[in-house]
Amino acid sequence: MQTFTLIFLTFLFASTIVQIWLSLRQKQAVQTHRAAVPDAFVGKVTLAEHQKAADYTLAKGQFGRIQIMLGVIVLLAWTLGGGLEWLDQVWRSAGWGVLLTGTAVILSMTFISSLIDLPSSLYSTFVLEERFGFNKTTLKTFVVDMLKGTALGLVIGVPLILFVLWLMESAGSAWWIYAWVGLTGFSLLMTWAYPKFIAPLFNKFQPLEEGEVASRINALLERTGFNSKGVFVMDGSRRSAHGNAYFTGFGKNKRIVFFDTLLKHLTPSQIEAVLAHELGHFKRKHIVKGMILSVLMTLIGFGVLAWLMQQSWFYTSLGISQPSTYMALILFMVVSPVFTFFITPLMAMFSRKHEFEADEFAAQQSSATELIAALVGLYKENASTLTPDPLHSAFYDSHPPAAIRIAHLQKQI
(Lines give C-alpha, C1' and ligand atoms only; values in the text may rest on other atoms or scores of the structure.)
Protein backbone atom coordinates (compact mmCIF):
# COMPACT_ATOMS: atom_id res chain seq x y z
CA MET A 1 0.00 0.00 0.00
CA GLN A 2 1.41 3.38 -1.01
CA THR A 3 2.03 6.25 1.36
CA PHE A 4 -0.70 8.48 -0.06
CA THR A 5 -3.19 5.62 0.19
CA LEU A 6 -2.46 5.44 3.93
CA ILE A 7 -2.75 9.23 4.24
CA PHE A 8 -6.08 9.19 2.40
CA LEU A 9 -7.46 6.35 4.54
CA THR A 10 -6.24 8.06 7.73
CA PHE A 11 -8.00 11.32 6.87
CA LEU A 12 -11.11 9.45 5.77
CA PHE A 13 -11.20 7.44 9.01
CA ALA A 14 -10.55 10.52 11.15
CA SER A 15 -13.17 12.68 9.44
CA THR A 16 -15.75 9.88 9.63
CA ILE A 17 -15.11 9.30 13.34
CA VAL A 18 -15.39 13.04 14.05
CA GLN A 19 -18.65 13.30 12.10
CA ILE A 20 -20.21 10.35 13.92
CA TRP A 21 -18.92 11.57 17.31
CA LEU A 22 -20.34 15.06 16.77
CA SER A 23 -23.65 13.62 15.59
CA LEU A 24 -23.90 11.45 18.71
CA ARG A 25 -23.09 14.47 20.89
CA GLN A 26 -25.91 16.34 19.17
CA LYS A 27 -28.24 13.40 19.80
CA GLN A 28 -27.34 13.34 23.50
CA ALA A 29 -27.78 17.11 23.93
CA VAL A 30 -31.18 17.18 22.23
CA GLN A 31 -32.46 14.12 24.11
CA THR A 32 -31.29 15.49 27.45
CA HIS A 33 -33.20 18.77 27.02
CA ARG A 34 -36.27 17.35 25.28
CA ALA A 35 -38.44 17.24 28.40
CA ALA A 36 -38.48 20.99 29.08
CA VAL A 37 -38.51 24.23 27.10
CA PRO A 38 -35.29 26.23 27.69
CA ASP A 39 -35.75 29.14 30.10
CA ALA A 40 -35.08 31.75 27.38
CA PHE A 41 -38.06 30.45 25.40
CA VAL A 42 -40.62 29.77 28.11
CA GLY A 43 -43.88 31.44 27.10
CA LYS A 44 -42.70 31.80 23.50
CA VAL A 45 -42.43 28.14 22.51
CA THR A 46 -44.78 25.43 23.76
CA LEU A 47 -43.53 22.10 25.03
CA ALA A 48 -45.15 20.34 22.06
CA GLU A 49 -43.32 22.65 19.61
CA HIS A 50 -40.04 22.16 21.45
CA GLN A 51 -40.42 18.38 21.42
CA LYS A 52 -41.33 18.35 17.73
CA ALA A 53 -38.10 20.24 16.99
CA ALA A 54 -36.16 17.77 19.14
CA ASP A 55 -37.68 14.74 17.44
CA TYR A 56 -37.10 16.25 13.99
CA THR A 57 -33.45 16.93 14.84
CA LEU A 58 -32.99 13.40 16.18
CA ALA A 59 -34.57 11.85 13.10
CA LYS A 60 -32.38 13.90 10.76
CA GLY A 61 -29.33 13.01 12.84
CA GLN A 62 -30.04 9.29 12.64
CA PHE A 63 -30.54 9.51 8.89
CA GLY A 64 -27.41 11.64 8.61
CA ARG A 65 -25.27 9.02 10.33
CA ILE A 66 -26.47 6.40 7.86
CA GLN A 67 -25.63 8.76 5.00
CA ILE A 68 -22.13 9.33 6.39
CA MET A 69 -21.39 5.61 6.37
CA LEU A 70 -22.92 5.12 2.92
CA GLY A 71 -20.84 8.02 1.64
CA VAL A 72 -17.66 6.35 2.89
CA ILE A 73 -18.58 3.08 1.20
CA VAL A 74 -19.36 4.81 -2.11
CA LEU A 75 -16.13 6.84 -2.01
CA LEU A 76 -14.03 3.73 -1.36
CA ALA A 77 -15.90 1.88 -4.11
CA TRP A 78 -15.12 4.63 -6.62
CA THR A 79 -11.43 4.84 -5.68
CA LEU A 80 -9.69 1.88 -4.05
CA GLY A 81 -12.58 -0.41 -4.99
CA GLY A 82 -11.89 0.12 -8.68
CA GLY A 83 -15.08 1.88 -9.76
CA LEU A 84 -13.36 4.80 -11.49
CA GLU A 85 -10.76 2.50 -13.01
CA TRP A 86 -13.49 0.34 -14.52
CA LEU A 87 -15.39 3.36 -15.84
CA ASP A 88 -12.19 4.76 -17.35
CA GLN A 89 -11.38 1.52 -19.14
CA VAL A 90 -14.93 1.23 -20.50
CA TRP A 91 -14.79 4.64 -22.15
CA ARG A 92 -11.16 4.31 -23.27
CA SER A 93 -12.20 1.24 -25.25
CA ALA A 94 -14.46 3.46 -27.38
CA GLY A 95 -11.32 4.95 -28.95
CA TRP A 96 -12.36 8.58 -28.60
CA GLY A 97 -10.06 11.50 -27.95
CA VAL A 98 -9.15 12.72 -24.48
CA LEU A 99 -11.79 15.47 -24.34
CA LEU A 100 -14.72 13.24 -25.30
CA THR A 101 -13.48 10.32 -23.20
CA GLY A 102 -12.99 12.56 -20.17
CA THR A 103 -16.40 14.19 -20.56
CA ALA A 104 -18.05 10.79 -20.92
CA VAL A 105 -16.34 9.48 -17.78
CA ILE A 106 -17.35 12.54 -15.75
CA LEU A 107 -20.96 12.49 -16.97
CA SER A 108 -21.39 8.75 -16.45
CA MET A 109 -19.90 8.97 -12.95
CA THR A 110 -22.24 11.85 -12.13
CA PHE A 111 -25.21 9.87 -13.45
CA ILE A 112 -24.32 6.76 -11.43
CA SER A 113 -23.76 8.88 -8.31
CA SER A 114 -27.19 10.46 -8.79
CA LEU A 115 -28.78 7.02 -8.99
CA ILE A 116 -26.99 5.98 -5.80
CA ASP A 117 -28.23 9.14 -4.04
CA LEU A 118 -31.81 8.83 -5.31
CA PRO A 119 -33.14 6.53 -2.54
CA SER A 120 -31.78 8.90 0.11
CA SER A 121 -33.39 11.86 -1.59
CA LEU A 122 -36.73 10.05 -1.85
CA TYR A 123 -36.58 9.00 1.79
CA SER A 124 -35.67 12.49 2.96
CA THR A 125 -38.52 14.10 1.01
CA PHE A 126 -41.34 11.57 1.23
CA VAL A 127 -40.63 9.91 4.57
CA LEU A 128 -38.61 12.15 6.87
CA GLU A 129 -40.03 15.54 5.82
CA GLU A 130 -43.49 14.02 5.40
CA ARG A 131 -43.46 12.58 8.92
CA PHE A 132 -43.01 16.03 10.44
CA GLY A 133 -45.46 17.79 8.16
CA PHE A 134 -42.95 19.72 6.04
CA ASN A 135 -43.16 17.98 2.68
CA LYS A 136 -45.48 19.53 0.10
CA THR A 137 -43.73 17.99 -2.91
CA THR A 138 -45.66 15.55 -5.06
CA LEU A 139 -43.94 12.67 -6.82
CA LYS A 140 -44.68 14.39 -10.13
CA THR A 141 -43.00 17.61 -8.98
CA PHE A 142 -40.03 15.62 -7.66
CA VAL A 143 -39.55 13.83 -11.00
CA VAL A 144 -40.04 17.00 -13.06
CA ASP A 145 -37.51 18.87 -10.88
CA MET A 146 -35.05 16.03 -11.32
CA LEU A 147 -35.47 16.02 -15.10
CA LYS A 148 -35.17 19.81 -15.31
CA GLY A 149 -32.06 19.73 -13.12
CA THR A 150 -30.51 17.01 -15.28
CA ALA A 151 -31.20 18.91 -18.50
CA LEU A 152 -29.90 22.15 -17.04
CA GLY A 153 -26.81 20.37 -15.75
CA LEU A 154 -26.07 19.00 -19.21
CA VAL A 155 -26.62 22.33 -20.97
CA ILE A 156 -24.37 24.19 -18.52
CA GLY A 157 -22.04 21.43 -17.39
CA VAL A 158 -20.92 19.82 -20.65
CA PRO A 159 -19.43 23.02 -22.17
CA LEU A 160 -17.79 23.82 -18.82
CA ILE A 161 -16.24 20.35 -18.55
CA LEU A 162 -14.98 20.53 -22.14
CA PHE A 163 -13.53 23.99 -21.51
CA VAL A 164 -11.62 22.94 -18.37
CA LEU A 165 -10.35 19.69 -19.91
CA TRP A 166 -9.26 21.55 -23.04
CA LEU A 167 -7.23 23.99 -20.91
CA MET A 168 -5.70 21.12 -18.93
CA GLU A 169 -4.64 19.46 -22.18
CA SER A 170 -3.47 22.41 -24.27
CA ALA A 171 -2.77 25.51 -22.17
CA GLY A 172 0.58 24.41 -20.76
CA SER A 173 1.76 24.63 -17.15
CA ALA A 174 -0.28 27.79 -16.52
CA TRP A 175 -3.58 26.11 -17.43
CA TRP A 176 -4.81 26.35 -13.85
CA ILE A 177 -4.59 30.15 -13.92
CA TYR A 178 -6.64 30.30 -17.11
CA ALA A 179 -9.13 27.78 -15.71
CA TRP A 180 -9.48 29.80 -12.52
CA VAL A 181 -10.14 33.01 -14.47
CA GLY A 182 -12.65 31.24 -16.69
CA LEU A 183 -14.47 29.55 -13.81
CA THR A 184 -14.60 32.79 -11.84
CA GLY A 185 -16.14 34.59 -14.80
CA PHE A 186 -18.59 31.74 -15.28
CA SER A 187 -19.60 31.85 -11.60
CA LEU A 188 -20.26 35.58 -11.80
CA LEU A 189 -22.32 35.06 -14.94
CA MET A 190 -24.40 32.36 -13.25
CA THR A 191 -24.91 34.56 -10.18
CA TRP A 192 -26.23 37.29 -12.46
CA ALA A 193 -28.34 34.95 -14.61
CA TYR A 194 -29.78 32.73 -11.86
CA PRO A 195 -32.67 34.96 -10.68
CA LYS A 196 -33.83 35.89 -14.17
CA PHE A 197 -33.35 32.71 -16.19
CA ILE A 198 -32.73 29.67 -13.96
CA ALA A 199 -34.79 30.06 -10.77
CA PRO A 200 -38.06 30.60 -12.71
CA LEU A 201 -37.62 27.14 -14.24
CA PHE A 202 -38.34 25.62 -10.82
CA ASN A 203 -40.49 28.19 -8.98
CA LYS A 204 -42.97 30.95 -9.67
CA PHE A 205 -42.00 34.46 -8.60
CA GLN A 206 -44.67 37.11 -8.15
CA PRO A 207 -44.04 40.78 -7.27
CA LEU A 208 -44.95 41.52 -3.67
CA GLU A 209 -48.48 42.91 -3.51
CA GLU A 210 -49.16 46.41 -2.29
CA GLY A 211 -49.99 46.69 1.41
CA GLU A 212 -48.42 47.16 4.81
CA VAL A 213 -45.60 44.69 4.14
CA ALA A 214 -44.68 46.37 0.85
CA SER A 215 -44.84 49.82 2.44
CA ARG A 216 -42.54 48.79 5.29
CA ILE A 217 -40.10 47.13 2.90
CA ASN A 218 -39.99 50.11 0.52
CA ALA A 219 -39.35 52.47 3.43
CA LEU A 220 -36.57 50.21 4.73
CA LEU A 221 -34.95 49.99 1.29
CA GLU A 222 -35.11 53.75 0.90
CA ARG A 223 -33.50 54.59 4.24
CA THR A 224 -30.76 52.01 3.77
CA GLY A 225 -30.05 53.06 0.18
CA PHE A 226 -30.56 49.60 -1.29
CA ASN A 227 -31.54 49.31 -4.95
CA SER A 228 -32.90 46.10 -6.41
CA LYS A 229 -34.87 44.80 -9.36
CA GLY A 230 -37.82 44.24 -7.05
CA VAL A 231 -39.24 42.27 -4.15
CA PHE A 232 -40.69 38.90 -5.09
CA VAL A 233 -42.69 36.14 -3.43
CA MET A 234 -41.69 32.57 -4.30
CA ASP A 235 -44.09 29.62 -4.14
CA GLY A 236 -41.96 27.73 -1.63
CA SER A 237 -45.11 26.11 -0.21
CA ARG A 238 -45.33 24.06 -3.41
CA ARG A 239 -42.48 21.91 -2.13
CA SER A 240 -41.99 22.53 1.58
CA ALA A 241 -43.53 24.13 4.66
CA HIS A 242 -40.16 25.60 5.64
CA GLY A 243 -39.89 29.38 5.36
CA ASN A 244 -36.99 31.59 4.31
CA ALA A 245 -35.92 34.81 2.60
CA TYR A 246 -32.83 35.58 0.54
CA PHE A 247 -31.04 37.90 -1.86
CA THR A 248 -30.06 36.70 -5.28
CA GLY A 249 -28.14 38.13 -8.22
CA PHE A 250 -25.77 41.06 -8.13
CA GLY A 251 -25.28 44.46 -9.69
CA LYS A 252 -28.46 45.81 -11.23
CA ASN A 253 -29.99 42.33 -11.25
CA LYS A 254 -30.33 42.00 -7.46
CA ARG A 255 -33.62 40.63 -6.20
CA ILE A 256 -35.18 40.18 -2.79
CA VAL A 257 -37.14 36.93 -2.47
CA PHE A 258 -39.54 35.88 0.28
CA PHE A 259 -40.93 32.36 0.56
CA ASP A 260 -44.74 32.54 0.66
CA THR A 261 -44.58 30.33 3.75
CA LEU A 262 -42.59 32.98 5.60
CA LEU A 263 -45.08 35.72 4.75
CA LYS A 264 -47.92 33.60 6.13
CA HIS A 265 -46.34 33.11 9.55
CA LEU A 266 -44.78 36.51 10.34
CA THR A 267 -46.29 39.92 10.98
CA PRO A 268 -45.40 42.89 8.73
CA SER A 269 -43.03 44.34 11.35
CA GLN A 270 -41.32 40.96 11.75
CA ILE A 271 -40.92 40.61 7.98
CA GLU A 272 -39.32 44.05 7.92
CA ALA A 273 -36.87 42.97 10.63
CA VAL A 274 -35.97 39.79 8.70
CA LEU A 275 -35.32 41.83 5.57
CA ALA A 276 -33.22 44.29 7.59
CA HIS A 277 -31.07 41.35 8.66
CA GLU A 278 -30.63 40.26 5.03
CA LEU A 279 -29.79 43.84 4.08
CA GLY A 280 -27.17 43.76 6.83
CA HIS A 281 -25.32 41.05 4.94
CA PHE A 282 -25.23 43.27 1.88
CA LYS A 283 -24.33 46.48 3.70
CA ARG A 284 -21.56 44.83 5.75
CA LYS A 285 -20.05 43.43 2.52
CA HIS A 286 -20.59 39.81 3.59
CA ILE A 287 -21.62 38.73 0.11
CA VAL A 288 -18.52 40.29 -1.44
CA LYS A 289 -16.28 38.79 1.26
CA GLY A 290 -17.83 35.38 0.69
CA MET A 291 -17.26 35.62 -3.05
CA ILE A 292 -13.63 36.69 -2.54
CA LEU A 293 -13.04 33.78 -0.17
CA SER A 294 -14.62 31.36 -2.64
CA VAL A 295 -12.50 32.71 -5.50
CA LEU A 296 -9.30 32.40 -3.45
CA MET A 297 -10.14 28.85 -2.38
CA THR A 298 -10.83 27.95 -6.01
CA LEU A 299 -7.44 29.38 -7.00
CA ILE A 300 -5.70 27.33 -4.32
CA GLY A 301 -7.64 24.26 -5.37
CA PHE A 302 -6.62 24.60 -9.01
CA GLY A 303 -3.02 25.16 -7.97
CA VAL A 304 -2.98 21.98 -5.89
CA LEU A 305 -4.66 20.06 -8.72
CA ALA A 306 -2.05 21.31 -11.21
CA TRP A 307 0.69 19.86 -9.00
CA LEU A 308 -1.11 16.61 -8.19
CA MET A 309 -1.86 15.78 -11.82
CA GLN A 310 1.89 15.57 -12.44
CA GLN A 311 2.39 12.99 -9.65
CA SER A 312 1.99 9.38 -10.71
CA TRP A 313 1.38 8.30 -7.11
CA PHE A 314 -1.77 10.43 -6.99
CA TYR A 315 -3.39 8.08 -9.49
CA THR A 316 -2.00 4.74 -8.43
CA SER A 317 -2.64 5.42 -4.73
CA LEU A 318 -6.33 5.90 -5.51
CA GLY A 319 -6.83 2.90 -7.79
CA ILE A 320 -6.14 4.39 -11.24
CA SER A 321 -3.63 2.67 -13.52
CA GLN A 322 -3.41 5.22 -16.36
CA PRO A 323 -2.89 8.92 -15.53
CA SER A 324 -4.96 11.45 -17.44
CA THR A 325 -6.06 15.04 -17.05
CA TYR A 326 -9.71 14.14 -16.65
CA MET A 327 -8.98 11.46 -14.04
CA ALA A 328 -6.88 13.93 -12.06
CA LEU A 329 -9.87 16.28 -12.07
CA ILE A 330 -12.27 13.54 -10.97
CA LEU A 331 -10.02 12.22 -8.22
CA PHE A 332 -9.45 15.72 -6.91
CA MET A 333 -13.20 16.40 -6.78
CA VAL A 334 -14.05 13.18 -4.94
CA VAL A 335 -11.20 13.07 -2.40
CA SER A 336 -10.59 16.76 -1.61
CA PRO A 337 -13.62 16.95 0.75
CA VAL A 338 -11.89 14.33 2.93
CA PHE A 339 -8.91 16.64 3.42
CA THR A 340 -10.82 19.92 3.67
CA PHE A 341 -13.34 18.60 6.19
CA PHE A 342 -11.34 19.91 9.13
CA ILE A 343 -11.58 23.53 8.00
CA THR A 344 -15.38 23.30 8.35
CA PRO A 345 -15.42 24.95 11.81
CA LEU A 346 -13.40 27.89 10.50
CA MET A 347 -15.94 28.48 7.73
CA ALA A 348 -18.79 28.12 10.21
CA MET A 349 -17.15 30.63 12.57
CA PHE A 350 -16.70 33.05 9.67
CA SER A 351 -20.41 32.72 8.83
CA ARG A 352 -21.62 33.10 12.44
CA LYS A 353 -19.63 36.32 12.79
CA HIS A 354 -21.46 37.66 9.78
CA GLU A 355 -24.82 36.64 11.26
CA PHE A 356 -24.12 38.63 14.43
CA GLU A 357 -23.13 41.66 12.35
CA ALA A 358 -26.28 41.39 10.24
CA ASP A 359 -28.39 41.15 13.41
CA GLU A 360 -26.76 44.32 14.73
CA PHE A 361 -27.56 46.11 11.48
CA ALA A 362 -31.18 44.92 11.68
CA ALA A 363 -31.44 46.19 15.26
CA GLN A 364 -30.22 49.61 14.13
CA GLN A 365 -32.40 49.89 11.02
CA SER A 366 -35.52 48.11 12.22
CA SER A 367 -36.25 46.52 15.61
CA ALA A 368 -34.31 44.00 17.65
CA THR A 369 -37.52 43.07 19.47
CA GLU A 370 -39.33 42.31 16.21
CA LEU A 371 -36.35 40.34 14.88
CA ILE A 372 -36.34 38.23 18.05
CA ALA A 373 -40.05 37.55 17.59
CA ALA A 374 -39.47 36.67 13.94
CA LEU A 375 -36.62 34.31 14.79
CA VAL A 376 -38.67 32.54 17.44
CA GLY A 377 -41.45 32.17 14.88
CA LEU A 378 -39.04 30.73 12.33
CA TYR A 379 -37.53 28.35 14.89
CA LYS A 380 -41.03 27.04 15.60
CA GLU A 381 -42.16 26.80 11.99
CA ASN A 382 -38.93 25.13 10.82
CA ALA A 383 -38.68 22.89 13.91
CA SER A 384 -35.14 24.07 14.62
CA THR A 385 -33.69 22.70 17.83
CA LEU A 386 -33.25 25.20 20.64
CA THR A 387 -30.72 23.02 22.46
CA PRO A 388 -27.91 22.00 20.09
CA ASP A 389 -24.68 20.53 21.36
CA PRO A 390 -22.14 23.38 21.65
CA LEU A 391 -19.34 21.48 19.87
CA HIS A 392 -21.62 20.26 17.09
CA SER A 393 -22.91 23.79 16.61
CA ALA A 394 -19.42 25.31 16.64
CA PHE A 395 -18.24 22.82 14.04
CA TYR A 396 -21.14 22.97 11.59
CA ASP A 397 -23.64 25.76 12.19
CA SER A 398 -23.55 28.76 9.90
CA HIS A 399 -25.91 30.56 12.31
CA PRO A 400 -25.42 31.04 16.06
CA PRO A 401 -27.46 28.77 18.36
CA ALA A 402 -30.91 30.17 19.08
CA ALA A 403 -30.33 31.09 22.74
CA ILE A 404 -26.99 32.80 22.05
CA ARG A 405 -28.33 34.69 19.06
CA ILE A 406 -31.36 36.00 20.92
CA ALA A 407 -29.28 36.94 23.96
CA HIS A 408 -27.02 38.94 21.64
CA LEU A 409 -30.02 40.70 20.12
CA GLN A 410 -31.48 41.52 23.52
CA LYS A 411 -28.37 43.55 24.24
CA GLN A 412 -29.29 45.73 21.23
CA ILE A 413 -32.66 46.69 22.72
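**Cavities in a predicted model**

Good morning. Among the elements lining the largest cavity, α2 contributes the most, with three residues. Helices here are DSSP runs of H or I with at least four residues, strands are runs of E with at least two, and both are numbered from the N terminus.

This is a predicted model, in which local features need pLDDT of at least 70, side-chain atom pairs count only at pLDDT 80 or more, and totals for chains, interfaces and linings use all residues. Residues are numbered from 1 along each chain as its sequence is written, and side-chain values use heavy atoms, without hydrogens or water.

How many cavities of 30 Å³ or more does a search of the whole structure find? The search finds three. A cavity is a set of points, on a 1 Å grid over the protein atoms alone, where a 1.4 Å probe fits but cannot get out; lining residues have an atom within 4 Å of a point. Points are joined across faces, edges and corners, and a volume is the space filled by probe spheres set on them.

The largest cavity holds about 60 Å³ of space. Its lining consists of Val45, Glu49, His50, Ala53, Tyr379, Lys380, Ala383, Ser384 and Leu386. Two or more of these residues come from each of α2 (47-78) and α14 (368-382).

The second largest cavity holds about 40 Å³. Tyr194, Pro195, Ala199, Phe205, Tyr246, Thr248, Arg255 and Val257 form its lining. Here α6 (175-198), β3 (245-248) and β4 (255-259) each supply at least two residues.

Thank you.

Key
1 Å grid on protein atoms, 1.4 Å probe; cavity = no way out; pocket = protein on both sides within 12 Å on 5 of 7 lines; lining within 4 Å.
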